[in-house]
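Here is a short briefing on one protein chain. Look over the sequence and the model, then read on.

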Amino acid sequence: MARGGRASSDPAAERPADRDTPRVPTDWVTRAADDAIRHAGGTDRLITCASGASPSGPVHLGNLREFLTVHFVAEEIRRRGVPVRHLHSWDDYDRFRKVPAGVDPSWAEHIGRPLSAVPDPWGCHDSWATHFKAPLQAALAEMGVEMEEVSQTERYRAGAYRDEILTAVRHRDRIEAVLARFRTKKAAPTPESEQEAAALEDSVADADDDLAADTGSDSAGWARFPYKPYCRECGRDTTEVTAYDDESTDLSYTCAVCGFAGVTNLATQSEGKLVWKVDWPMRWSVEGVDFEPGGVDHASPGSSYTVGKELVKDVYGARAPSFVGYSFVGVAGMAKMSSSRGGVPTAADALKVLEAPILRWLYVRRQPKQAFTVDFGPEVVRLYDEWDSLGRKAADPARRDAQVLAFERASATAAAGTLPTPTVVVPFRVLSSVADVTAGSAEQIGRIVEHVGHRHDSVADLEPRLSKAMTWTAEFVPAEDRTTVRSTPDVERLTALDEDEELWLAQLLDRLPDDLDLDAVTSLVYGVPKLTRGLGLDDAPTEQVKADQKKFFGLLYRLLVAADRGPRLPTLIVALGADTVRTLLTPPR
Ligand SMILES: [Zn+2]
């Protein structure tokens, strides 16, 4: 394959020369990068990997796949020493389609205007489009994703596409022939989830082009014109083309909403845009796009990619980029969030609980065509454990495999280097249970974490994980799963202790040091039932002792946190401190 004989210091970029060379791991990113380079015909020119998104609402975790799929492929090409750019188009010149719930219904007057021309209902940004771009830009920066961003409003208004618009209009019969061929193949899918419904809405948006065509009744077929002006009077795209002069390139239109009748000249004025199905392939041609992903629905027959593939060839004599279709990203464990603030979670929401490399890892470790779920519930704890264990594996060069490759891709970027991870890695389950038990400050949690055996110089050594564990505990763990430490002793239970229970508590309190450390407390908590059966603290437990331990632990949970279970007892006791434990476990006299 064409790789231009460039030198690369990265083993992932090289293929084994023969069977004696150890096998270098590869993944979907390796293959997509190969395809992009093949599409470019080698490595002598800048390779363009493109993403696109319409800032019409919050960019949810499903849309994030668009950005990250391109990011990882561009990074892989960069690692090989090949010039590459991640070009991101903000489709902010798309029309505002509908007023979402929660927005003043008076915003309906903006329907049909470009997203960049609709005011921000929350008043914090200069437009609707910017309001939804800004938080994603911040989240992407935190994730080390660098892109060359393009505003379609700016490009169109600046006349950047004027030649291509004239070319499309000149070839409108050819375009119509292609669209007509696919129009008959369209089948209506049934949405199975909210996210699929959103995607379906996008594809319905694609179909708007055709819809306009079907309602067009004039014999000249102007309704199927590939270019749509925004009304000069009211700014909406509720315009109907009434005439077009190929000689002068004057386009006449009337506005269905305000009644304005005007003329715009396609060679000298920039007041509208190509319909989506022509717009996309036009940009592949202008930007020289070598790789661009899309939702799997974009790749079905009659979808924008399949149609665009034909159009880019027929109209612009160019080739469609290599394409990867990606599946949906589901979301779970949001019960608490959804009820409190509603809506689908964004990258910023996920970054409140996941370290940036972990969020990246969720997207790189699966093939794009595989759907996956971002789970904000108890699964977060397991996810962190899995990540930490993969990190230990990655530290051993002999164990480098596809999983480690995904870890490397998630952990660092060419520009940002290694993304922030804690200097001292404390298991997320420890940080979150300490945060849960103490509901305290970062400093307090830091002190307890030190007592449970994780030495560190300052709280900063535990970041960014500590803050994320605190946020997760406070905002994502449902109340019934939170630990509530008793504020006063359970007098009723303490006066009803049986002989064994009384003995256990007395032994525990008798031996409990004022300064608690995890090992001593662990040995004591497990050992007390041994002492009362005549064994030593370090002796192996008998069956009888095991049964006693179970009973004893249940009693401790009851007396300390008024529950049947909770965080690991030694951690809980160290977190509470000797004074609180004594207060809650001492029977009244
Ligand atoms: Zn108008």
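Which residues are buried in α20? They are L518, V521, L524, V525, G527, V528, P529, K530 and L531. Buried means under 20% relative accessible area, with exposed over 50% and partly exposed in between (1.4 Å probe, protein chains only).

This is a predicted model: local features need pLDDT of at least 70, side-chain atom pairs count only at pLDDT 80 or more, and totals for chains, interfaces and linings use all residues. Residues are numbered from 1 along each chain as its sequence is written, and side-chain values use heavy atoms, leaving out hydrogens and water.

**The whole chain**
- The chain has 23 helices and 14 strands. Helices (H or I, at least four residues) and strands (E, at least two) are DSSP runs, numbered from the N terminus.
- Of its 589 residues, 50% count as buried.
- Take the contacts between residues at least 6 apart in sequence: 71% of them join residues at least 24 apart. Contact means heavy atoms within 4.5 Å.

**Helix α20**
- Helix α20 covers residues 518–531. Its 14 residues should span 20 Å at 1.5 Å a residue, and the end C-alpha atoms are 19 Å apart, which agrees. The expected span is 1.5 Å times one less than the number of residues.
- A kink of about 30° lies at V525, shortly before the proline P529. The bend is the angle between axes fitted to the seven residues ending at a residue and the seven starting there.
- At the start of α20, a side-chain oxygen of D517 comes within 3.2 Å of the backbone nitrogen of D519.
- The cover over the buried residues of α20 includes α16 (442–451), α19 (499–511), α21 (543–561) and α22 (569–576).

**Residue L497**
- L497 sits in the loop between α18 (491–494) and α19.
- Why is L497 counted as buried? Because its relative accessibility is 12%.
- Beyond its neighbours within four places in sequence, L497 contacts E502, L505, L555 and P587.
- L497 and L555 are 58 residues apart along the chain, yet their C-alpha atoms are separated by 9.4 Å.

**Nonpolar cores**
- In soluble globular proteins, nonpolar side chains tend to be buried together.
- A nonpolar core is a set of buried Ala, Val, Leu, Ile, Met, Phe, Trp, Tyr and Cys residues joined through side-chain atoms within 4.5 Å.
- The largest core has 109 residues; L64, I77, L359, Y363 and L560 touch the most other members.
- A second, separate core of 31 residues includes L166, V169, Y227 and L251.

Methods
A polar contact is a pair of N or O atoms within 3.5 Å; within protein, one must be able to donate a hydrogen and the other to accept it, and residues adjacent in sequence count only if both atoms are side-chain atoms.
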